[in-house]
Amino acid sequence: MDGLRYRRASAWEYELILREAEKYGELRHHTFAVVEGRFRDIYAVNGRVWREIEGLKLKPYTYGTFVGTIKVDNLVEKFYPNVEFFYFVEIERNYAVLTPKAGFLFTTGKDVPRSGVRSYNWRGTKKLLILNENGVILGIGRINPESGKKFILNVTDIGEFLRRRR
C-alpha cells in the first residue's frame, strides 16, 4: 500500500463534488475523504468513522462509501461520480424515469428508446440519472434527443458489476 495517502477532502475537492451534485439537486452529505494513488478516489464518511480513522496507526485501504474519482481531463480537474454518489444527493433535476421493461434492459447495458421513458427532467447537462418507477437508481445515461431508438445512451448501470469479466 506504499504510495497511497489518506486524508480529508480539501475545500477545492469538496467544491468539485458539490458542483457535480448541483447538476442534479442538493448534496445531503458533507464529509468526504480521499485515498490518493494514481487517481484521487473519494469516499463519503461520517464524523464518527472519520475520528476513528484519524486515530489509527495503520491506515485502511478504503473507508466509507466509494462515490467517485477526481481526475484531470484536458488540464481541468473534474469529479466523476459513480452510481452510489447519487444516494447522497436529493434528486431534483436531470433524471429520467423508465418503464419496467426499459429499466430492465438498461441494467443489462442496453440503450433506451424514447418509448421506454416514462418521464424525464433535463436541463444543462447531457448526463441523466436513470431511475425506475419506484425511485431506485439504475445508473447514469447520456441523453440523445435527436434519436427515438437510442434516446438515452447507457453510460454505467447497476448491472455492470455482474457482467464484468473475471
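**Exercise 1. Glu20**

Task: State which helix holds Glu20 in this predicted model, decide whether the residue is buried or exposed, and list what Glu20 touches beyond its sequence neighbours.

Solution: 
- Step 1. Glu20 belongs to helix 1, which spans residues 11-22.
- Step 2. Its relative accessible area is 3%. The cut-off for buried is under 20%, so Glu20 counts as buried.
- Step 3. With residues up to four places away in sequence set aside, Glu20 touches Lys78, Phe79, Pro81 and Lys127.

**Exercise 2. Lys23**

Task: Locate Lys23, classify its accessibility, and find how far its C-alpha atom is from that of Glu92.

Solution: 
- Step 1. Lys23 sits in the loop that runs between helix 1 and strand 2 (25-27).
- Step 2. The relative accessible area of Lys23 is 29%. This value falls between the 20% and 50% limits, so the residue is partly exposed.
- Step 3. Lys23 and Glu92 are 69 residues apart along the chain, and their C-alpha atoms are separated by 9.0 Å.
- Step 4. Not counting residues up to four places away in sequence, Lys23 touches Lys78, Arg93, Asn94 and Thr125. Lys78 is also touched by Glu20.

**Exercise 3. Strand 11 and its partners**

Task: Determine which strands pair with strand 11, in which sense, and over how many bridges; then state how many of its residues are buried.

Solution: 
- Step 1. Strand 11 covers residues 137-143. Strand 10 (residues 127-131) pairs with strand 11 in the antiparallel sense, over five bridges.
- Step 2. Within this pairing, Ile130 has Gly139 of strand 11 as its bridge partner.
- Step 3. Strands 10 and 11 form a hairpin with five residues between them. Gly135, in the turn, has a positive phi of about 85°.
- Step 4. Strand 12 (residues 152-157) also pairs with strand 11, antiparallel and over five bridges. Here Ile140 stands opposite Thr156 of strand 12.
- Step 5. Six of the seven residues of strand 11 are buried, and the strand is mostly covered.

**Exercise 4. The nonpolar cores**

Task: Describe the largest nonpolar core, name the elements that each supply at least two of its residues, and identify a second core.

Solution: 
- Step 1. The largest nonpolar core has 24 residues. Those touching the most other members are Leu27, Phe32, Ile42, Val67, Phe79 and Phe85.
- Step 2. At least two residues of this core come from each of helix 1, strand 3 (32-36), strand 4 (40-44), strand 5 (65-73), strand 10 and strand 11.
- Step 3. Helix 1 gives the largest share, four residues.
- Step 4. Take Ile42 as a case. Beyond four places in sequence, its contacts are Ile17, Phe32, Ala33, Val34, Thr65, Phe66, Val67, Gly68, Ile70 and Phe79.
- Step 5. A second, separate core has twelve residues, among them Ala96, Leu98, Leu128 and Ile130. Ile130 is the bridge partner of Gly139.

**Exercise 5. Lys110**

Task: Place Lys110 in the chain, classify its accessibility, and list its contacts beyond four places in sequence.

Solution: 
- Step 1. Lys110 lies in the loop from helix 3 (100-106) to strand 9 (117-121).
- Step 2. Its relative accessibility is 44%, so Lys110 counts as partly exposed.
- Step 3. Beyond four places in sequence, Lys110 contacts Leu105 and Asn154.
- Step 4. Lys110 and Phe39 are 71 residues apart along the chain, with 29 Å between their C-alpha atoms.

**Exercise 6. The whole chain**

Task: Summarise the chain by its elements, extent, burial and contacts.

Solution: 
- Step 1. The chain contains four helices and twelve strands.
- Step 2. Along the principal axes, its C-alpha atoms fill a box of roughly 55 × 35 × 35 Å.
- Step 3. Of the 166 residues, 41% are buried.
- Step 4. Among contacts between residues at least 6 apart in sequence, 56% join residues at least 24 apart.

Definitions and conventions
Residues are numbered from 1 along each chain as its sequence is written. This is a predicted model: local features need pLDDT of at least 70, side-chain atom pairs count only at pLDDT 80 or more; totals for chains, interfaces and linings use all residues. Side-chain values use heavy atoms; hydrogens and water are left out. Buried means under 20% relative accessible area, exposed over 50%, partly exposed in between (1.4 Å probe, protein chains only). Contact means heavy atoms within 4.5 Å. Two strands pair if DSSP finds at least two bridges between them. A nonpolar core is a set of buried Ala, Val, Leu, Ile, Met, Phe, Trp, Tyr and Cys residues joined through side-chain atoms within 4.5 Å.
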